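Visitor: I would like to learn how to read a few features of a protein structure. Where do we begin?

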Amino acid sequence: MASPRSIRFDNGVTERLASYVARHPGRSSSSVAAQLVDEGLRAEEHPGVIFRDGPIGRRATLVGGPDVWQVVQALRSARTAEPELDENAVLALISGNTGVAPRLVRTAVDYWAAYPLEIEALLEHADRAAAERERANERRRGLLGA
């Protein structure tokens, strides 16, 4: 449950916050400030994680790399395909396949471990979207005979 807090911002911060809110209809200054403070604290807890807006909404992303959920998805795939790999080998495999440094792969795992519901929701969304794309492709093949 949210509890009210009184926070004073410098004028420049207040102006940037108002500008952000104006570009995001339906959001309040309070909800945006709370979100950005939460994200800032999460980024502080997990150096290498930042937050970006995109087609599926705002999500945790690795600096200069993919979304955290994408790294977790790749790790699960690798673990399923090669369950005998030890931790260092699976980190090296993912790093080699994605170009993401092993330390950032570990950062993604640590973020997922701390915020599993957030990342699992994104993984479920990706699975649903992939299944729908496959159904659409099957319908096209059925109609076109290809």
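Guide: We begin with burial. A residue counts as buried when its relative accessible area is under 20%, as exposed when it is over 50%, and as partly exposed in between. Keep in mind that this is a predicted model.

Visitor: Is Arg-42 buried or exposed?

Guide: Arg-42 has a relative accessible area of 14%, so it falls under the 20% limit and is buried. Glu-118, at 25%, is partly exposed.

Visitor: What is the general idea behind a salt bridge?

Guide: Side chains of opposite charge can pair when their charged atoms come close. The cut-off used here is 4 Å between a side-chain nitrogen of Lys or Arg and a carboxyl oxygen of Asp or Glu.

Visitor: How many salt bridges does the count give?

Guide: The count comes to 10 salt bridges. One of them joins the side chains of Arg-42 and Glu-118, with 2.4 Å from N to O. Arg-42 belongs to helix H2, residues 29-45, and Glu-118 to helix H6, residues 116-144, so this pair ties together parts that lie 76 residues apart in sequence.

Visitor: Which other salt bridge links distant parts of the chain?

Guide: Take Arg-106 and Glu-87, whose closest N and O atoms are 2.3 Å apart. Arg-106 sits in helix H5, residues 102-114, while Glu-87 sits in helix H4, residues 87-98, and the two are 19 residues apart. Arg-106 is partly exposed at 34% relative accessibility, and Glu-87 is partly exposed with a relative accessible area of 47%.

Visitor: What is the N to O distance between Arg-141 and Glu-134?

Guide: The side chains of Arg-141 and Glu-134 form a salt bridge at 3.0 Å. Arg-141 is partly exposed at 38% relative accessibility, and Glu-134 is partly exposed at 36%. Salt bridges can also share partners: Asp-38, Arg-42 and Glu-118 are joined in this way into one network.

Visitor: Now the helices. At what angle do H3 and H5 pack?

Guide: Helix H3, residues 68-81, packs with H5 at about 100 degrees, and their axes are 9 Å apart. Angles from 65 to 115 degrees count as roughly perpendicular, and H3 and H5 are therefore roughly perpendicular to each other.

Visitor: Which residues meet where H3 and H5 pack?

Guide: From H3 come Val-68, Val-71, Val-72, Leu-75 and Arg-76; from H5 come Val-105, Ala-108, Val-109, Tyr-111 and Trp-112. Of the residues in this contact of H3 with H5, nine are nonpolar, none is polar and one is charged.

Visitor: Tyr-111 is in that list. How many aromatic pairs does a search of the whole structure find?

Guide: The search finds two aromatic pairs. Phe-51 and Tyr-111 form an edge-to-face pair, 6.2 Å centre to centre with 65 degrees between the planes. The label follows because planes over 60 degrees apart count as edge-to-face. Phe-51 lies in strand E1, residues 49-52, and Tyr-111 in helix H5, so the pair ties together parts that are 60 residues apart in sequence.

Visitor: Why is the pair of Tyr-111 and Tyr-115 called tilted?

Guide: The ring centres of Tyr-111 and Tyr-115 are 4.9 Å apart and their planes are at 35 degrees, so the pair is tilted. Ring pairs link Phe-51, Tyr-111 and Tyr-115 into a cluster. As for burial, Phe-51 and Tyr-111 are both buried, and Tyr-115 is buried as well.

Key
Residues numbered from 1 in each chain as written. Predicted model: local features only at pLDDT ≥ 70, side-chain atom pairs only at ≥ 80, totals over all residues. Heavy atoms only, no water. Helix = DSSP H or I, 4+ residues; strand = E, 2+ residues; numbered from the N terminus. Buried < 20%, exposed > 50% of the residue type's maximum accessible area, 1.4 Å probe, protein only. Axes fitted to C-alpha atoms, helices over the stretch in contact; angles between N-to-C directions. Parallel < 35°, antiparallel > 145°, perpendicular 65-115°, else oblique. Contact = heavy atoms within 4.5 Å. Nonpolar A, V, L, I, M, F, W, Y, C, P; charged D, E, K, R; others polar. Phe/Tyr/Trp six-rings, centres within 6.5 Å; stacked < 30°, edge-to-face > 60°.
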